Each structure stands twice: as C-alpha cells, then as structure tokens.
Amino acid sequence: MRVVSLVPSLTEAVAVSAPGLLVGATDWCSHPAGLDAVRIGGTKNPDVARIIALAPDLVVANEEENRAADLAALTAAGLDVLVTEVRSLPQAFTELERVLVEGCGLSRPGWLDAAERAWAGVRPGPKRTAVVPIWRRPWMVLGHDTFAGDLLARLGVHNVYAPHAERYPRIGIDELNAAGADLVVLPDEPYRFTPDDGPEAFPGLPAALVDGRLLTWYGPSLAEAPAVLGAALRGSL
C-alpha cells in the first residue's frame, strides 16, 4: 500500500507502525528521524499535483491542519482521502485506530495499547489554572475544544480560556496577565517558547516549559506524554 500523510502526527503513527508504507509526507513531518518519503510541501500548502503523481492508495489528513480546498482537489482527482478530527484524547485513540487499521489495513499497533494504558493510569496533579500561549506577535492561546487542552485537563490543569468562543483566540498580553491564572504553560511548538522567550512576559506567574510534540501530537508520543508533561508541570510549582 502507498500512503501520503498531510499531518505530522499521523506521519509518525504510520511510519512507526509500518515502515516503508509512506511514500509522501509534509515538510513539517519531523518524526521519526530519517523518514524516507517524498516531501510534498506544508500542511497548509501541499503540492497537490505532486501528491497525485505519487499515486497513493490513501491520503491521511486532518480537518484542522489541512485546508478543505486541497482535500477536495485530491478527492476530485480520484484519490482516497481519510480526514480525521482530533479534539480530545478519546477521539485521538479512535481516529488513530481508524487510520491504521481501517485505512492502512494494519494490525492494531502495540504502541497504541501502551498509550491508552499510560493515560488510563493518570492521576491529576495539584489543580492549577493556566493560560496556554501557542503563538507570540500576536499572542494566541488555547481556547475551547482543543486536543492539547484536554490533555492538560487530565493532568489537573484548567485552561482559563477553555470557555472562549474561539479555539485559538488572540488575547493581548495585559489581558492574559489579568486572567486569574496561577501558571503559564509554554510549549515549544508551534511557537518555540524558551526560557529566554516567553516567561518574561508573565512576571507574576510560574512558567512550565513543555515539549510541544508531547502536548499537541497524537501518535506514538502519547505513550510517554503523561509522565513527561506531568513532570514538567510539577516542576513549575
């Protein structure tokens, strides 16, 4: 089978489960290391013609990360496009099985079972209330109905902007600092927050710098995510 992935998380999930299955992946697909697949552009601007030329049996995509117009063009060209929706941890597990087992015809991988066990055993840490920036200039934060927000909630962190009407609202830094949070969570993707770029904007709050892949990717990294993220959050106390 020949598969093209338009989502970094799904690229890693497919490549780890069945090495050699992927014939195309985006420029942002950084895992697993050394992935041997044709690069077909970004998640928002894929080279549709190049994807069609690869003649894949399946294209895997995501309703949030990929543009509807690109997916429609691939479908119109006769390609089988499987579009996922992942806004919570249970949904991630369901969609991963759909991609790997139903879409790619694989056996359910052991790492998926390990990830489910890891999260089933999670006990939330001390309850925290946080703002969770994902971008700077302008400031953007996690809002409602997000996968990352669901993971944090399972670890005991309530997102101040979870009730916001938008999923990724733009909020001014003064408002963020006045939002009543007792923690700022700063992932290193999509914006690369670092100890020198981010915490200084929240002088009154402890900062938890976390691995963005563990917070936002749904794939093999889910197995280690609860332990590593939990440790990073505890370290901010």
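Modeller: The axes of α4 and helix α5 (residues 110-120) approach within 11 Å and cross at roughly 170 degrees, where axes are lines fitted to C-alpha atoms, for helices over the stretch in contact, and angles run from 0 to 180 degrees between N-to-C directions. That makes α4 roughly antiparallel to α5; angles under 35 degrees count as roughly parallel, over 145 as roughly antiparallel, 65 to 115 as roughly perpendicular and the rest as oblique. Helices (H or I, at least four residues) and strands (E, at least two) are DSSP runs, numbered from the N terminus. This is a predicted model, in which local features need pLDDT of at least 70 and side-chain atom pairs count only at pLDDT 80 or more, while totals for chains, interfaces and linings use all residues. Residues are numbered from 1 along each chain as its sequence is written, and side-chain values use heavy atoms, with hydrogens and water left out.

On the α4 side, L89, F93, L96, E97 and L100 meet W111, L112, A115, E116 and W119 of α5, contact meaning heavy atoms within 4.5 Å. By class, this contact of α4 with α5 has eight nonpolar, no polar and two charged residues. Here Ala, Val, Leu, Ile, Met, Phe, Trp, Tyr, Cys and Pro count as nonpolar, Asp, Glu, Lys and Arg as charged, and the others, Gly among them, as polar. E97 and E116 also belong to a network of salt bridges with R108 and D113; a salt bridge is a side-chain nitrogen of Lys or Arg within 4 Å of a carboxyl oxygen of Asp or Glu.

Helix α1 (residues 8-17) also packs with α4: their axes come within 11 Å and cross at roughly 45 degrees. That makes α1 oblique to α4. In this contact L10, A13, V14 and S17 of α1 meet L96, V99 and L100 of α4. The class count for α1 with α4 is six nonpolar, one polar and no charged residues.

Because E95 and R98 are three residues apart in helix α4, about one helical turn separates them. E95 counts as buried at 11% relative accessibility, whereas R98 is partly exposed at 25%; buried means under 20% relative accessible area, exposed over 50%, and partly exposed in between (1.4 Å probe, protein chains only).

By the salt-bridge rule the count comes to 13. One of the bridges joins E63 and R87 at 3.2 Å, N to O. This pair links distant parts of the chain, 24 residues apart, with E63 in the loop between β4 (58-62) and α3 (68-76) and R87 in the loop between β5 (81-84) and α4 (89-103). E63 is partly exposed, at 30% relative accessible area. R136 and D197 likewise meet in a salt bridge, at 2.7 Å, N to O. R136 counts as buried at 14% relative accessibility, and D197 counts as buried at 19%.

Turning to the backbone, the peptide bond from H31 to P32 is cis, with omega near -5 degrees. Another cis bond joins E189 and P190, with omega about 5 degrees. R137, a residue other than glycine, has a positive phi near 60 degrees, and R137 counts as exposed at 61% relative accessibility.
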